[in-house]
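Let's take a friendly walk through some helix packing and a handful of individual residues. Please have a look at the sequence and the model first.

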Amino acid sequence: KMTVLTGITTSGTPHLGNYVGAIRPAIEASRDENVNSYYFLADFHSLIKCHDPARIHQSRLEVAATWLALGLDTNKSTFYCQSDIPEIPELTWILTCMTAKGLMNRAHAYKAAVQENEENGSQDPDKGITMGLYSYPILMAADILMFNANIVPVGKDQTQHLEMTRDIAQRFNHHFGEHFVMPEARVDESTAVLTGLDGRKMSKSYNNYIPLFAPEKNLRKLIMKITTNSQAPEEPKETEGCALFEMFRAFATPEQVADMRARFAAGIGWGYVKQDLFEVVNAQLAEPREKYAELMQNPEYIEKVLKEGAEKARAYSRPFLDRIRASVGIKTLG
Ligand code: ATP
């Protein structure tokens, strides 16, 4: 049986990009009898970018309610919050001691931050960079290796981290015995990467996103705000690289997409594209949106689900970590 694992950072409100790129395909995968799925709220990861306790707390509820509202069956998958699994930070430390510093020096996120400092003419290339940002690929490795996931669905930008996870696992296995399964990244070229309101990748931390469960009115308003070029309505339009078209495609049926493609070629005003986009997005989200609103009224229920999920996850992680501890020579009190 395959084990699939995916996490969402609890640094804000889930958006259309998270849904299309991660949550929707993950929920679909969890329905497959041959798949063991581990889905988690990555709250330790959220501390890297977000130092606002209220936001992190709220986001835990929002992200959890999102998965539940979209129909995740928690009997068929293991759904938990990262920080509820104390074995994860413990494994992180053990792996940290097996990870070459040079490997972390090469991590894209760290390198990008250094480059930004250099471009801004800063004297200190590490200005504002925490050890959390620097070493989070190791935390990510622990997330994955803890449950011996063999398939990790990721965006293209994350494949390097999977390489690092394999690197770390290999080094550990070589030294202490074959404990970890080698995970593989699965990049699904057909899942769209949605563009945000400002033309950059839609992201919680850019504040350029459309909340997945924005009330209908706001959803319409936000879709109307998506930046477009200044082509006149009757001009034929390019679908390739068009953010509106990409988003439409992520929500519409193949027939609707073919029809929209023809209208692009014939010339269509952006206002009409946006109106149709709103219709397809809204049609798909109207029902779970109501469910989400109900769930958010009932945080006790959400916490109960997370508690059960943590217990289920720990039934695996606790004995597994004991074996890892023993393999490096650290005793576990009985
Ligand atoms: P942050 O800004 O806190 O990093 P984020 O909104 O970029 O958050 P994550 O929580 O890091 O998203 O990612 C969760 C999942 O959502 C990942 O699998 C990621 O590939 C996917 N995802 C994030 N943004 C998009 C997007 N714009 N389009 C498609 N998928 C996305």
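Helix H10 (residues 243-251) and helix H11 (residues 254-266) have axes that come within 9 Å of each other and cross at roughly 160 degrees. Because angles over 145 degrees count as roughly antiparallel, and those under 35 as roughly parallel, 65 to 115 as roughly perpendicular and the rest as oblique, H10 is roughly antiparallel to H11. The axes here are lines fitted to C-alpha atoms, for helices over the stretch in contact, and the angles run from 0 to 180 degrees between N-to-C directions. Helices (H or I, at least four residues) and strands (E, at least two) are DSSP runs, numbered from the N terminus.

Before going on, a word on the model: it is predicted, local features need pLDDT of at least 70, side-chain atom pairs count only at pLDDT 80 or more, and totals for chains, interfaces and linings use all residues. Residues are numbered from 1 along each chain as its sequence is written, and side-chain values use heavy atoms, with hydrogens and water left out.

## Two helix pairs

The crossing of H10 and H11 is right-handed; that word applies if the near helix is turned clockwise from the far one by less than a right angle, and left-handed if anticlockwise. From H10, Phe-245, Phe-248 and Arg-249 meet Gln-256, Val-257, Met-260, Arg-261 and Phe-264 of H11, where contact means heavy atoms within 4.5 Å. The residues of this contact divide into five nonpolar, one polar and two charged. In that division, Ala, Val, Leu, Ile, Met, Phe, Trp, Tyr, Cys and Pro count as nonpolar, Asp, Glu, Lys and Arg as charged, and the others, Gly among them, as polar.

Which residues of H10 are buried? They are Leu-244, Phe-245, Met-247, Phe-248, Ala-250 and Phe-251, with buried meaning under 20% relative accessible area, exposed over 50% and partly exposed in between (1.4 Å probe, protein chains only). The buried residues of H10 pack against H1, H11 and helix H12 (270-296).

Now for another pair. Helix H4 (residues 87-96) and helix H13 (residues 299-328) pack at an angle of about 25 degrees, and their axes are 10 Å apart. That angle makes H4 roughly parallel to H13. Their crossing is left-handed. On the H4 side the contact is made by Glu-87, Glu-90, Leu-91 and Ile-94, and on the H13 side by Arg-314, Ser-317, Arg-318, Leu-321, Ile-324, Arg-325 and Val-328. These residues divide into five nonpolar, one polar and five charged.

## Residues one by one

Here are the relative accessible areas of some residues that come up in this report.

| Residue | Relative accessible area | Class |
|---|---|---|
| Ile-27 | 5% | buried |
| Cys-50 | 8% | buried |
| Thr-3 | 9% | buried |
| Cys-242 | 10% | buried |
| Asn-148 | 11% | buried |
| Asn-18 | 13% | buried |
| Asn-207 | 58% | exposed |

Leaving aside neighbours within four places in sequence, Asn-18 is in contact with Ile-8, Ile-23 and Lys-204. With residues up to four places away likewise not counted, Ile-27 touches Trp-67, Leu-70, Gly-71 and Leu-72.

Thr-3 lies in strand E1 (residues 2-9). Which residues does Thr-3 touch, not counting those up to four places away in sequence? They are Asn-36, Tyr-38, Phe-147, Asn-148, Ala-149, Asn-150 and Ile-151.

Asn-148 deserves a look of its own: this residue has a positive phi of about 45 degrees although it is not a glycine. Asn-148 lies in the loop between helix H7 (131-146) and strand E4 (151-153). Asn-207 also has a positive phi in a residue other than glycine, near 55 degrees, and lies in the loop between strand E5 (184-186) and helix H9 (216-225). As for accessibility, Asn-148 counts as buried, whereas Asn-207 counts as exposed.

## Cysteines

How many disulfides does the structure hold? It holds zero, a disulfide being a pair of cysteine sulfur atoms within 2.5 Å. Cys-50 is in no disulfide, and the nearest cysteine sulfur, that of Cys-81, is 14 Å away.
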